[in-house]
Amino acid sequence: MSDLHQRLVQMVDKMPAFPGSVNRILQMTSSIDCTPKDLVQVIEHDPVMMAKILKLVNSAYFGLSRKITSIKHSVVFVGLNTIKNLAISIATMGMLSKTGPAGLDMNNFLLHSLGTATVAKLLGKRLGVASDRATDYFVGGLLHDIGKVVFAQFMPQEMERALKRVEAEKVSLPIAEMIEIRADHAQLGGMLVEKWQLPHTLVTCIKEHHSQELNDNTSEVLDCVVAANIIIKQIEFGCAGNLVEDRLPDHVAARFGMELTELRESMGNLDEELEKANAFICI
Amino acid sequence: MLKFTFRGVRGSIASPGPNTVKYGGNTTCIEVRAGDELIILDAGTGIFPLSQTLSPEFPLTCHIFISHTHWDHIQGLPFFIPMFVSGNRVKIYGGQDLVTGKGVQEVLSRQLEYAFFPIREAELSAELEYISLSDNQVVNIGDAQVTSVLMNHPAINYGYKVTCGDRSLFFTGDHEWPPNIYQPDDDDYQLFEDHIAQKRKSIIDAVAGVDVLIIDTAYTDDEYPAKKGWGHGSFSSSIAMARDAGVKHCFFTHHEPTRSDRDLEKAFQAAMDKHPGQPGDPKFYLAQETFTFEL
């Protein structure tokens with residue numbers, strides 16, 4: 001692991017979550033009658049909270065033979081009160097600012113992450129995955145860009161230059177990040193969740209979501225996240241600082257048996273599903 | 001040889017007095033003798049009367065397994081007399097606090113802070129050792145093995161299976177089967193049910209076939225709905241677990257602190273009437289302080 005990666009891994013433990021969920025967790029948990037399913041929903045809509053809780057539940061404390069990929073499963077595994085108190089302890093660390101120091105609009109970032117999560121899950125269902133596995137697709141989408149938040153939080157100047165370079169030179173964000181930071185968000189995010197012992201499928205979703213070529217790590221979840229990421233950028237739902245792409249990688253198109261436009265159209269109107277994500281953030 | 005003695009059977013808070021003389025008012029502590037080894041399950045106030053019997057065995061080595069760190073399971077620890085006598089070895093085992101990241105050593109050092117206790121941890125004369133456990137960890141102690149099993153409670157709570165030769169017992173610590181947080185018409189209800197079923201299976205598999213099950217049975221069936229989610233079992237849930245796991249003997253413990261001896265026996269009888277004996281059923285008992293059972 002490079003020095004940079006090592007430094008970021010240590011810093012990430014102190015990284016706060018998104019303002020909306022922090023406020024809601026603190027508000028909800030001030031009452032003893034806090035509704036468990038509302039609490040779970042808030043955690044499931046915040047990439048930082050989700051990643052940190054999955055990290056702890058999958059840690060060596062429990063020596064799980066089969067990794068846990070959802071908050072609902074975590075609630076059953078370690079108990080509701082432990083999850084509630086983990087969320088409170090994350091919430092009391094503060095919150096990310098709405099416009100990050102790197103100029104990455106956190107509201108738009110969250111919309112992009114939730115939109116990708118929603119569409120990845122829909123694509124998974126379309127491929128016939130069972131409902132218990134559909135959660136993996138949602139989580140893959142939610143966390144795919146987690147590396148960007150880490151850069152924005154801990155290397156704001158470099159990340160700001162990278163974001164500006166994307167706009168000025170029309171290069172992809174990973175390329176701009178490589179120039180400015182000498183690492184890209186997919187690599188960093190993948191490495192983080194790998195170190196946190198999250199499931200292998202989730203690691204590759206994050207690490208490989210910009211890979212254009214078919215490789216050994218390709219999976220159905222990854223292909224759904226790749227396609228969802230491209231679709232959600234194309235319909236301009238939120239924004240996470242990268243360029244809009246106009247085609248699917250060949251192997252992803254082959255998975256769905258169609259090209260981007262056809263896939264997008266075949267999904268019908270996504271407004272209703274995406275409105276749920278929007279409404280959640282705007283409360 | 002595997003035998004055990006209940007030293008504390010009360011849940012939540014010690015409740016001495018004329019109404020609890022028969023079953024006892026001390027909080028959870030079980031003395032287990034496995035061959036020559038002394039294993040103590042939980043350190044509620046019941047560990048104090050136990051510790052008063054141990055001086056003939058000095059210098060001794062004992063192994064204290066903490067199910068979880070709620071007060072009623074640790075309150076007697078600072079009064080565990082063998083810790084004050086040099087030559088004794090006390091090994092304390094327990095889970096890791098997921099929220100603070102701290103191990104079981106935190107329990108005693110915090111209990112012995114200046115504001116709470118006059119003697120500091122550094123002043124204890126016995127040799128102390130702390131071992132943080134993970135789920136399904138097997139600890140070998142002489143001829144015995146103790147295995148941790150993650151249960152469900154509003155804290156990380158390990159149940160412990162103690163095996164010695166061909167005899168075994170399982171103590172749940174505090175445990176409630178996780179309730180479904182969704183309503184039957186919610187989209188996620190079935191998914192959550194599936195997770196619960198998986199958890200239930202993993203626990204039942206761990207308990208299956210033990211000779212003795214000692215199980216948290218805090219509530220009557222009538223009381224349970226108002227206490228759902230508090231992390232404790234009921235007579236019906238305990239009977240079902242004992243049957244599903246095919247145990248031979250089942251002791252109900254963690255008695256409600258407000259329940260008198262008479263009411264406890266009434267509650268027990270009502271549960272037995274509600275669940276008439278079936279072929280192959282375990283024998284059911286109320287856990288009673290100082291009662292010894294040899295397997």
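Trainee: In which sense, left-handed or right-handed, does H2(A) pass H3(A) in a crossing?
Mentor: Bearing in mind that this is a predicted model, we can begin with the geometry of the pair, in which helix H2 (residues 19–28) and helix H3 (residues 36–44) of chain A have axes that come within 10 Å and cross at roughly 160°. Angles over 145 degrees count as roughly antiparallel, and H2(A) and H3(A) are therefore roughly antiparallel to each other. The crossing in which H2(A) passes H3(A) is left-handed.

Trainee: Which residues of H3(A) do the residues in H2(A) meet?
Mentor: By class, the contact of H2(A) with H3(A) has four nonpolar, one polar and two charged residues. The part of H2(A) consists of A:Ser21, A:Arg24, A:Ile25 and A:Met28, and the residues that they meet in H3(A) are A:Asp38, A:Leu39 and A:Val42.

Trainee: How is H10(A) oriented towards H11(A), oblique or roughly antiparallel?
Mentor: Helix H10 (residues 156–169) and helix H11 (residues 173–181) of chain A pack with their axes 8 Å apart and at an angle of about 140°. Only angles over 145 degrees would count as roughly antiparallel, so this angle makes H10(A) oblique to H11(A). H10(A) passes H11(A) in a right-handed crossing, and the term for their orientation is oblique.

Trainee: How many of the nine residues of helix H9 of chain A are buried?
Mentor: A residue counts as buried if 20 or more other C-beta atoms lie within 10 Å of its own. In H9(A), the residues that are buried are A:Ile146, A:Gly147, A:Lys148, A:Val149, A:Val150, A:Phe151, A:Ala152 and A:Gln153. Helix H9 (residues 146–154) is largely enclosed by the rest of the structure, because the buried residues among its nine number eight.

Trainee: Which helix of chain B gives the most to the side that touches chain A?
Mentor: The contact takes 23 residues from chain B and 23 residues from chain A. By class, the side of chain B that touches chain A has twelve nonpolar, seven polar and four charged residues. The element that gives the most to this side, with six residues, is helix H3 (residues 189–207) of chain B.

Trainee: Which residue in S3(B) is the bridge partner of B:Glu31?
Mentor: B:Glu31 lies in strand S2 of chain B, and S2 (residues 29–34) pairs with strand S3 (residues 37–41) of chain B in the antiparallel sense over five bridges. B:Glu31 is buried, because 24 other C-beta atoms lie within 10 Å, and the residues that it touches, not counting those up to four places away in sequence, are B:Phe4, B:Thr5, B:Arg7, B:Ile40 and B:Leu50. Its bridge partner in S3(B) is B:Ile40.

Trainee: What angle does the direction of H5(B) make with that of S11(B)?
Mentor: Seven strands of chain B form an open sheet in the order S7-S8-S9-S10-S11-S12-S13, with mixed pairing. Within this sheet, strand S11 (residues 212–216) and strand S12 (residues 249–253) of chain B pair in the parallel sense over five bridges, and the bridge partner of B:Val212 in S12(B) is B:His249. H5(B) packs on the sheet, touching S11 and S12 of chain B, and its direction makes with that of S11(B) an angle of about 155°.

Trainee: Is B:Ser234 buried or exposed?
Mentor: B:Ser234 is found in the loop between helix H4 (224–227) and helix H5 (235–245) of chain B. Not counting residues up to four places away in sequence, B:Ser234 touches B:Thr217, B:Tyr219, B:Thr220, B:Asp221 and B:Tyr224. Because 25 other C-beta atoms lie within 10 Å, B:Ser234 is buried.

Conventions. Residues are numbered from 1 along each chain as its sequence is written. Chains are lettered from A and ligands numbered from 1 in the order in which they are written. This is a predicted model: local features need pLDDT of at least 70, side-chain atom pairs count only at pLDDT 80 or more; totals for chains, interfaces and linings use all residues. Axes are lines fitted to C-alpha atoms, for helices over the stretch in contact, and angles run from 0 to 180 degrees between N-to-C directions. Helices (H or I, at least four residues) and strands (E, at least two) are DSSP runs, numbered from the N terminus. Angles under 35 degrees count as roughly parallel, over 145 as roughly antiparallel, 65 to 115 as roughly perpendicular and the rest as oblique. A crossing is left-handed if the near helix is turned anticlockwise from the far one by less than a right angle, and right-handed if clockwise. A residue is buried if 20 or more other C-beta atoms lie within 10 Å of its own, exposed if 12 or fewer, and partly exposed in between; C-beta atoms are placed from the backbone. Two residues are in contact if their C-beta atoms, placed from the backbone, lie within 7 Å. Ala, Val, Leu, Ile, Met, Phe, Trp, Tyr, Cys and Pro count as nonpolar, Asp, Glu, Lys and Arg as charged, and the others, Gly among them, as polar. Two strands pair if DSSP finds at least two bridges between them.
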